[in-house]
Amino acid sequence: MKNIIIGQFIPGTSFLYKMDPRSKIIALMLLMVSTFILSSVSHILIMLGVVLVILKIGGIPVTRIARGLKPIMILLLFTFTFQIIFIKTGNLVFDTDLTLTYITLPIILLIVIFWYFTKRYTRFKFLYLLITVFGILTLLSLYNPGSIISSSHLEIYQDGLEGAFFIMIRLIIIVTLSTILTLTTKPTDLNLGLEKILKPLGIIRINAEEIAMIISIALRYIPTLLDEANKIMLAQASRGVDFSEGKFKDKIMQIISLLVPMFIISFKRSDDLANAMEARSFVPGKRRTRLHTLSWHNIDTSVIVFCVLVLASVITVRIML
Amino acid sequence: MAIKFEQVNFSYPSFDGTNFSALKDINLEINEFGEFITLIGETGSGKSTLVQHMNALVRPTTGSVTIYGIKIENDTKKKGKVKLNPLRQRVGLVFQFPEYQLFEETVLKDIIFGPKNFGVSNEDAIKRAKEVIKHVGLDEEYLKRSPFNLSGGEKKRVSIAGILAMEPDILVLDEPTSGLDPKGRDDLLKLFTDIHRKLNKTVIIITHDMNTVYKYASRVLVMNDGSLVYDGKPTELFSTNNIENWNLDIPDIISITRQLEERLNIKFNSQPKTIEDLFILVKEVI
């Protein structure tokens with residue numbers, strides 16, 4: 001649990017680090033909107049190119065971004081599969097019969113078991129899973145001796161393929177853009193930037209400063225609470241709770257023995273914090289000065305201009321074509 | 001030999017890749033019976049980490065800890081054959097802050113939680129709870145109350161009762177008397193000495209109070225910056241000159257005796273352990 005790092009900020013010196021958080025947030029929104037307006041595969045590939053160029057100039061390693069994409073792998077795979085299976089317009093690209101027979105069934109089971117026991121030995125688990133699934137599909141379509149259990153039809157159409165590809169690229173671009181923001185901005189700066197951007201909401205009685213304060217306190221207390229959780233787990237483990245083993249019914253009891261003290265401690269902490277803030281004359285909504293102030297540079301202006309140009313050209317393309 | 005540390009090193013991983021070394025090359029043996037050990041040392045010297053090794057809550061980075069014949073090394077859990085839970089029943093560890101472990105609706109349920117985890121039947125556990133609640137100096141009436149409406153000292157007693165009800169062979173307590181009033185502290189220390197004397201069990205106490213060390217301990221361990229720097233009798237510890245280097249203090253009774261010796265320009269023939277002993281010595285001289 002000690003390895004969890006909040007925010008993924010990695011220190012650096014490129015232009016992305018010199019930018020003001022406000023301009024970064026605005027730029028992110030402009031580029032995201034542009035990505036959503038685009039509607040054809042070739043255009044979104046150009047957009048992907050732009051993002052890659054930003055990565056290159058910003059000096060952010062692509063491997064780091066790939067790691068950020070890992071959690072949404074499953075989502076990507078799902079959308080990809082569903083797009084391919086359910087969209088049935090355009091030209092037929094690929095057509096095959098998938099036949100399950102009494103001979104292929106045990107072979108498939110063997111492959112799955114083999115995959116299950118060997119997956120821990122490879123570093124590229126996801127790739128290994130894909131290869132296995134692809135292997136099984138190939139087997140189903142090409143090799144079908146013996147009596148047939150069931151048979152189905154796999155058709156892939158051009159529109160489905162393009163749609164799947166398009167949505168995948170779009171998701172990747174959006175995740176990459178937001179990862180760039182969190183990689184190059186400290187949580188505190190991000191928070192300050194958000195606060196400034198949300199300031200106009202004061203007109204409709206939404207206090208941006210309070211929201212920013214809530215976010216920063218929440219961020220601040222995540223590591224503390226993780227630490228507390230760890231201590232409680234140790235204390236309960238010494239009373240015979242085994243968080244890794246045990247029956248389902250016991251597991252629920254074990255989780256309760258962790259959750260109840262967590263709640264108690266969190267409430268106590270927030271009480272103490274409120275008192276400490278009040279003791280230092282914190283009044284919600286009052287005007288406050290800051291230790292760190294944001295400053296807008298030329299680079300911010302040029303980046304915003306660039307992003308506005310991107311958005312303008314995207315809109316033009318969309319209207320013209 | 002109940003617990004044996006062999007060249008134990010332990011380090012916490014930290015964010016920037018460097019490791020913080022909490023224990024450095026610890027060699028230590030603890031007997032199953034008859035020891036009353038105090039563990040002292042300044043804050044952050046590794047005392048709590050050391051006791052967490054004693055019931056396999058954490059595994060050493062290198063070296064090994066042997067608890068009741070079961071050897072625990074860095075990769076013990078991964079092999080998955082060793083059951084660690086029975087060890088935790090035999091070596092009962094009371095944590096420093098009681099709010100970390102109380103969670104049930106009533107004190108009774110909280111006390112029987114530990115024993116039931118180790119397979120004690122409900123009736124037996126309740127019987128034990130009724131006994132231990134008296135041992136820690138609370139009425140049976142407390143069993144019905146909610147642990148969250150208790151004062152800090154009472155919570156502490158309840159959490160100690162929860163461990164006592166497990167009937168461990170070795171009792172380890174992480175600063176059991178911090179935050180208690182003097183009477184509560186003395187009552188609890190009397191309880192621990194009773195457990196030690198009557199049941200002949202080994203008791204290990206982490207403390208910052210040198211008077212406790214001097215008055216009760218049969219053996220004292222001193223931790224300094226992750227290393228075990230002293231292991232021996234308390235009387236010898238306080239006559240060495242290292243006390244200040246290790247940020248320790250001298251017990252009140254010793255400073256009083258030394259002051260008296262200096263002022264009266266005499267030498268007592270023995271070092272008194274209690275204020276009563278000192279009275280007798282002073283009377284002899286006068």
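What radius of gyration does chain A have, and what would a compact globule of 321 residues have? Chain A has 26 Å, while such a globule would be near 20 Å. The radius of gyration is taken over C-alpha atoms, and the globule rule is 2.2 Å times the number of residues to the power 0.38.

This is a predicted model, in which local features need pLDDT of at least 70 and side-chain atom pairs count only at pLDDT 80 or more, while totals for chains, interfaces and linings use all residues. Residues are numbered from 1 along each chain as its sequence is written, chains are lettered from A and ligands numbered from 1 in the order in which they are written, and side-chain values use heavy atoms, leaving out hydrogens and water.

**Chain A**

Let's begin with the layout of chain A. An automatic or database domain assignment sets the domain bounds: domain 1 (1-99 + 153-186 + 296-321), domain 2 (103-145) and domain 3 (215-284). Between the C-alpha centres of domain 1 and domain 3 of chain A there are 37 Å. The C-alpha atoms of chain A fill a box of roughly 80 × 70 × 40 Å along the principal axes. Its secondary structure has 12 helices and two strands, where helices (H or I, at least four residues) and strands (E, at least two) are DSSP runs, numbered from the N terminus.

**Chain B**

Chain B has 11 helices and 10 strands. Along the principal axes, its C-alpha trace spans about 65 × 50 × 35 Å.

**The chains in a table**

Buried means under 20% relative accessible area, exposed over 50% and partly exposed in between (1.4 Å probe, protein chains only). Accessible areas come from the Shrake-Rupley method with a 1.4 Å probe; for residues, only the protein chains shown count as cover.

| Chain | Residues counted as buried | Accessible surface | Share of carbon and sulfur atoms |
|---|---|---|---|
| Chain A | 30% of 321 residues | about 20200 Å² | 70% |
| Chain B | 50% of 286 residues | about 13800 Å² | 48% |

**A closer look at B:Thr177**

Now for one residue. B:Thr177 sits in the loop between strand S7 (170-174) and helix H7 (182-198) of chain B. Is B:Thr177 buried or exposed? B:Thr177 is buried, because its relative accessible area is 14%. Apart from neighbours within four places in sequence, B:Thr177 is in contact (heavy atoms within 4.5 Å) with B:Arg185 and B:Leu189. B:Leu189 is 12 residues from B:Thr177 in sequence, and their C-alpha atoms are 8.0 Å apart in space.
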